[in-house]
Amino acid sequence: MRRRADRCPGVLRPWPAEDGLLVRLRLVGGRLPVASLQRLLQVSVEFADGSVYLTTRANLQLRGLPGREGRLDPAVVAAIESTGLLPSRSHELVRNILVSPQTGYAGGRVDLRPVAQRLDALLCGDPQLGRLPGRFLFVLDDGRGDLIDRTADAGLVALSGTAAQLRAGENWGAVVHVADAAEQLAALARAFQAARGDGPDAPWHIRELRAPFGDVHAADARLPDPSGPLPCGPVPGGTHVPVPGGVLTPEHGRSLLAYTDLVVTPWQGVFIPDAQETNP
């Protein structure tokens, strides 16, 4: 039984590592504007070790940052905030939304980018949801099966262009309309927050609750089989560029600045969509 809250790092709650403070920046669905990456690389060169690190949740980290008493210097916080990747100080730790990287570009049954954006807005607009554990993860699979086997606290898998089946911990939930999916997921998160309590031993995940949680349904026959990780190289809708060891060096990072939009993937890579303009 745990007797402490989770310690997932953020900008306002960095992790004290041997080489300095470590921070994590949440990317909703891995979406990364190139302007934000360019500024983040500059911040890393100025304050950290120069590189940007990719996580298995398609987020970003900086290492070796300066601070006092386990907190970043205010100038560092301001510099990171200037990237545009810290839209909510109060909810930075809970914006954990993993989405099929190719959604809306190629394949899949429905474009889940609007669902992810709506869910992020609902999270950031609810003070209660700002108290979710930093480990709580939403996983949205657009029906291609690339994320169906990922462990999730709440999420969905698209069954068609209009229907999706909810996930709650290890169980399947109801089939809902895609247009209502963000509200349904936010409601699941609120119910979990109410059920877990606020003590030091409060669960971090739905699967850790002692009592059954939510309505349990059978898996829908339309659920896809797992498709596995996105391969590197040319793929439908773009190119999946590998980032060895998840370390985006300054040189590698600069090579990505010729584009306008990128999608960080949970497989230590960056998906470069074809359907975009290139920077001059």
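**Sheet and helix packing in the predicted model**

Helix H1 (residues 34-47) lies across S3 and strand S16 (261-265), at about 75° to S3. Contact here means heavy atoms within 4.5 Å. Helices (H or I, at least four residues) and strands (E, at least two) are DSSP runs, numbered from the N terminus. The model is predicted: local features need pLDDT of at least 70, side-chain atom pairs count only at pLDDT 80 or more, and totals for chains, interfaces and linings use all residues. Residues are numbered from 1 along each chain as its sequence is written, and side-chain values use heavy atoms, without hydrogens and water.

The open sheet holds 5 strands in the order S3-S16-S17-S14-S13, with antiparallel pairing. Two strands pair if DSSP finds at least two bridges between them. Strands S3 (31-33) and S13 (233-235) form the edges; each has a single partner strand, so one side of each lacks a neighbour in the sheet. From one strand to the next, the twist averages 30°. S13 and strand S14 (residues 238-242) run antiparallel and are joined by 3 bridges. Gly233 has His240 in S14 as its bridge partner.

H1 also packs with helix H2 (residues 74-81), at an angle of about 160° and with axes 9 Å apart. Axes are lines fitted to C-alpha atoms, for helices over the stretch in contact; angles run from 0 to 180 degrees between N-to-C directions. H1 and H2 are therefore roughly antiparallel (angles over 145 degrees). Arg39, Val43 and Phe47 in H1 meet Ala75, Val76, Ala79 and Ile80 in H2.

Terms used:
Angles under 35 degrees count as roughly parallel, over 145 as roughly antiparallel, 65 to 115 as roughly perpendicular and the rest as oblique.
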